[in-house]
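Subject: Structure handover

Hello,

Here is the structure I promised to pass on. Please open it alongside this note.

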Amino acid sequence: MKKKTAWLGLCGLLLAGALPAAQPAEWKMDPAGSKLEFVATFEKTPAPGVFKEFDARLRFDPEQPAGGSLDVTVKVTSADMSIPDVNKEIRGKDWFDYAGFPQAEFRSTDLRRAQGNRYVARGTLSLKGAKQAVEVPFTWTGDAERATMEGELTLKRGAFGIGAGEWAATSVIGADVKVKFTVKLRKAG
Amino acid sequence: MLRNTTDSWGAGAKFFHWLMAALIVFQIMLGVMAVTWPVSPTKLDLFVWHKSFGVLILTLAALRLLWRFANPTPELPDGMAAWERAAARVSHFLLYLLMIALPVTGWIINSAANIPFRVFWLVPLPPVVAPDKALADLFAQVHGGLALALVVVLVAHIGAALRHHFIKHDKVLVRMLPGG
């Protein structure tokens, strides 16, 4: 009887001590104030757009980023480049192919601190059926309850087959697409 | 002579006339090609060329008007009927008007359609109106109508010049030629 109680007590202590360290805080995105933008180039001129719908889920402890994870899903069909003719074109097979690939995903494989409040999430971006390893650098500002992640990276549209056929040439629509994000987060639970 | 006199065109006026004549003919062809070409990188390039030439023509038209006001205008030959003088005045006025109105309506379309554009891929052109799809569609119609009007006035202009030369046997056409 005494032995059993001692065991239970020991297990309780272990659980209480071990669980918080192994489970970094969960954060949920607040869509208000969060933004996912991209800037392509059109005839050597910046052509901006946004994905109006996306969601980020983060398990993250800024002091111990290594155990965390970042998962982002983007509703590709919510793209808006604010030019009606262009918005009509990008739905098609040569560009985003809304019918075939309505969603894009980023899944991190590891998170690390670069310096100060700058971090890097390394992972895989699945977009239009292609999977590519990408690094997503971001800054982290906030407190224990609310935080903001911000960052930008440059992708090659060709790596994802965005702009097929004669659009693969990069003289008219540039090869690089800059992606910029601001993600407002609240601690979950 | 660089400047006009009361009965001859100077080198300045001839330069503007023939340079703009060539640009305008080329510009009309570019516009038709850009509109009718299937959606492709080539179509986008044709539009950049068309818009860039439009900005060039608008600039030249402004300079040309300044030059015209700063110079005497050679008089029409004696013996022209009142209706012929009126037709000459109206058609020249329309040509200048269209040289300004076509680029300006094009600029409005580009602004309203919110399409990123740099003149000759170099200089960003500031928008003149806020993005507005309905306005872009309306001005596309106006621009096309004005282009058609320009073709009609150009045909009349060229026809009248040939009539002066071959039927009236006066010097109206010859005095605008580079050697005339």
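What pattern does chain B follow, read along the sequence? The answer is α-α-α-β-β-α. One caution before the rest: this is a predicted model.

Chain B first. The chain holds four helices and two strands. Its C-alpha trace spans about 50 × 30 × 25 Å along the principal axes. Chain B has 180 residues, and 21% of them count as buried. Now take the contacts in chain B with a separation of 6 or more. Residues 24 or more positions apart account for 65% of those.

Next, helix H1 of chain B. The helix runs over residues 11-36, which makes 26 residues. From first C-alpha to last, H1(B) reaches 38 Å. That is close to the 38 Å expected at 1.5 Å a residue. Which residues of H1(B) are buried? They are Ala13(B), Ile24(B), Gln27(B) and Gly31(B).

Then the cores. The largest nonpolar core has 40 residues. The residues with the most contacts inside this core come from both chains. From chain A they are Leu58(A), Leu70(A), Phe96(A) and Ala121(A). From chain B they are Ile109(B), Ala112(B) and Ala113(B). Helix H3 of chain B (residues 82-113) gives the largest share of this core, with five residues. There is also a second, separate core of eight residues. Among its members are Ile24(B), Ile57(B), Leu98(B) and Leu150(B). Ile24(B) is also one of the buried residues of H1(B) listed above.

Phe96(A) deserves a separate look. What is Phe96(A) in contact with, leaving aside its neighbours within four places in sequence? The partners are Val76(A), Ala79(A), Ile90(A), Arg91(A), Phe101(A), Lys128(A) and Ile162(A).

Last, the meeting of the two chains. How many residues of chain A are in contact with chain B? There are 14, and they touch 16 residues of chain B. Strand S2 (45-51) and helix H2 (84-90) of chain A each supply at least two residues of the chain A side. S2(A) gives the most, with three residues. By class, the side of chain A that touches chain B has eight nonpolar, two polar and four charged residues.

That is the handover. Send questions whenever they come up.

Best wishes

Conventions:
Residues numbered from 1 in each chain as written. Chains lettered and ligands numbered in written order. Predicted model: local features only at pLDDT ≥ 70, side-chain atom pairs only at ≥ 80, totals over all residues. Buried ≥ 20, exposed ≤ 12 C-beta atoms within 10 Å, placed from the backbone. Contact = placed C-beta atoms within 7 Å. Core = buried A, V, L, I, M, F, W, Y, C linked by C-beta atoms within 7 Å. Nonpolar A, V, L, I, M, F, W, Y, C, P; charged D, E, K, R; others polar. Expected span 1.5 Å × (residues − 1).
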